[in-house]
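Have the sequence and the 3D view open as you read.

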Amino acid sequence: MNRLPWGNNENLDNDQFFNRSIELNHLKQMLLTTKNETPPNILLTGIRGVGKTVFLKKIKKELEEDFLVIYINFSQAECFRRKKMSIDALMQFYFKKTLTSCNNNILENIEKKLKKYFKTNDFHFKEIQEINNIPIPIFRSEINIEELMEYVLTFPEKIYESNKDKINGIIILIDEFQIIKELNDYKESFLWVIRSYIQDQRNIAYVFTGSMSLNDTLISEISGHNGVFGGRMISFHLSPFSKNTLKQYLNEKKPQLKFSEDGFNSFYEYTLGIPAYINNFAKILPENIECTPELINRNFNESIYVISSNLVNIWYELSYKNKTIILSMLNGPVKRIDIAKYLNVKSGSLSPNLRELENLSLIHKSDDNLYSLSEPLLKKWLESEFEEKGEYPYTII
Ligand SMILES: Nc1ncnc2c1ncn2[C@@H]1O[C@H](COP(=O)(O)OP(=O)(O)OP(=O)(O)O)[C@@H](O)[C@H]1O
Ligand SMILES: [Mg+2]
């Protein structure tokens with residue numbers, strides 16, 4: 001049976017989740033210190049498709065007996081989806097998710113507390129709505145953002161205080177954290193406020209992660225020496241599978257695949273050791289036939305659309321201008337002025353587009369101010385489309 005998950009599956013069962021045992025133990029040990037009132041704040045880094053989300057979900061499953069583990073995917077916030085990012089909308093989303101993640105025992109407790117709190121406090125809720133028996137406070141529109149952030153960011157401590165007989169602490173996993181880049185000028189102050197509240201919480205651990213390229217400035221802004229969290233945020237990196245790990249993985253999960261030695265090396269080079277691409281590619285390779293470099297090459301070119309489907313989806317959502325900027329970088333790093341010439345626009349008009357593409361981790365700027373593509377598979381897919389169809393894919397086919 002071919003039990004390999006597709007590369008967009010975020011919920012792997014125990015049988016599908018492979019290895020990562022060293023990283024799992026390491027991160028778990030760090031998080032377990034939460035019960036001794038020394039919780040860590042962690043920034044989990046790793047390139048797109050390497051397995052950050054499935055890793056966090058695995059951690060959640062393994063720790064949730066002793067801890068309340070809250071998983072929040074920031075990109076599900078409505079304000080982000082509607083491209084109307086604001087701190088208060090993001091905080092309200094965060095708050096709702098915190099509430100809805102509480103298990104039933106804890107929830108009963110919270111509901112009573114919230115109602116009591118609502119009566120005795122003049123905090124500006126408009127009303128409490130019940131959705132599936134879960135009390136959701138609706139905030140007033142003229143809410144004071146500082147007050148809201150204080151309330152929301154100290155809320156987990158209150159959950160802990162009233163449930164410490166049941167749990168050893170709270171672990172908050174925040175995925176797709178990079179979307180805070182869309183707060184633009186408010187991003188830095190947002191980070192500082194978060195830090196000011198969470199750094200002294202004695203029973204709450206935080207793990208932040210998201211799609212960030214390795215040279216993403218957000219990483220240094222958060223955990224770098226001069227970053228908001230300075231030395232306080234522990235960086236934890238997930239690497240692509242090594243060749244050895246890949247060999248073990250395929251032997252175990254899809255033994256019907258046979259490779260010549262060179263064929264295996266080609267498979268590794270094409271997928272870059274990134275599990276999302278490994279799974280998509282391994283799922284469609286023929287079984288019980290020796291995969292030589294030629295066969296790998298042919299199958300890769302024929303199926304690159306499927307293998308890199310996450311990037312293809314992102315591509316089709318880009319504006320015409322952003323797509324053209326990407327195309328201007330296909331032949332290697334370019335200066336901003338050359339991108340402007342390629343598009344026949346003024347260089348100044350490129351700023352919001354370049355920022356958007358950088359925020360999506362599709363491009364990056366080097367120290368010598370050259371822009372390059374960050375996703376080799378996107379480049380390969382675009383080139384193969386051009387080769388096959390004589391034009392780049394501008395419209396949905
Ligand atoms: N440990 C693993 N075992 C088996 N497959 C894995 C593992 N880790 C990741 N994968 C595969 O890679 C895919 C992508 O994983 P995941 O969504 O966690 O990546 P990510 O790092 O969160 O990516 P993004 O930056 O785009 O959010 C999964 O759907 C799964 O197919
Ligand atoms: Mg992810």
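Leaving aside its neighbours within four places in sequence, Gly263 is in contact with Cys291, Thr292, Pro293 and Ile296, where contact means heavy atoms within 4.5 Å. Gly263 sits in helix 10, and at 0% relative accessibility it counts as buried. The cut-offs here are under 20% relative accessible area for buried, over 50% for exposed, and partly exposed in between, with a 1.4 Å probe and protein chains only. Helices (H or I, at least four residues) and strands (E, at least two) are DSSP runs, numbered from the N terminus. For a sense of scale, pick Ile222: Gly263 is 41 residues away from Ile222 in sequence and 41 Å away in space, C-alpha to C-alpha.

Before going further, a word on what you're looking at. This is a predicted model, in which local features need pLDDT of at least 70 and side-chain atom pairs count only at pLDDT 80 or more, while totals for chains, interfaces and linings use all residues. Residues are numbered from 1 along each chain as its sequence is written, chains are lettered from A and ligands numbered from 1 in the order in which they are written, and side-chain values use heavy atoms, with hydrogens and water left out.

Now move on to Ile289, in the loop between helix 11 and strand 9 (290-291). Ile289 is partly exposed, with a relative accessible area of 42%. Setting aside neighbours within four places in sequence, Ile289 has contacts with Lys258 and Leu295. Its C-alpha atom is separated by 55 Å from that of Gln199, 90 residues apart along the chain.

So which helix has nine of its ten residues buried? That's helix 11 (residues 275-284), and with that count it is largely enclosed by the rest of the structure. The buried ones are Pro275, Ala276, Tyr277, Ile278, Asn279, Asn280, Phe281, Ala282 and Lys283. They pack against helix 9 (243-253), helix 10 (261-271), helix 12 (293-307), helix 13 (309-317) and helix 17 (376-389).

Asn322, Lys323, Thr324, Ile325, Ile326, Leu327 and Ser328 are the buried ones. Their cover includes helix 13, helix 15 (336-343), helix 16 (351-359), strand 10 (363-365), strand 11 (371-373) and helix 17.

Phi of Arg20 is near 50°, a positive value in a residue other than glycine. Arg20 lies in the segment before helix 1 (21-32). Lys83 also has a positive phi without being a glycine, near 55°, and belongs to the loop between helix 3 (78-81) and helix 4 (87-101). Then there's Asn163, in the loop between helix 6 (145-161) and strand 5 (170-175). Beyond its neighbours within four places in sequence, Asn163 is in contact with Ile106 and Asn109.

| Residue | Relative accessibility | Class |
|---|---|---|
| Arg20 | 7% | buried |
| Lys83 | 72% | exposed |
| Asn163 | 0% | buried |

Time to zoom out. How many helices and strands are there in the protein? There are 17 helices and eleven strands. The radius of gyration of the protein is 23 Å, close to the 21 Å that the globule rule gives for 397 residues, so it is as compact as a globular protein of that length. That radius is taken over C-alpha atoms, and the rule is 2.2 Å times the number of residues to the power 0.38. Along the principal axes, the C-alpha atoms fill a box of roughly 70 × 55 × 40 Å. Buried residues make up 51% of the 397. Among contacts between residues at least 6 apart in sequence, 70% join residues at least 24 apart.

As for the division into domains, the protein splits into domain 1 (21-111 + 143-237), domain 2 (243-307) and domain 3 (310-389), with bounds from an automatic or database domain assignment. The C-alpha centres of domain 1 and domain 2 lie 35 Å apart.
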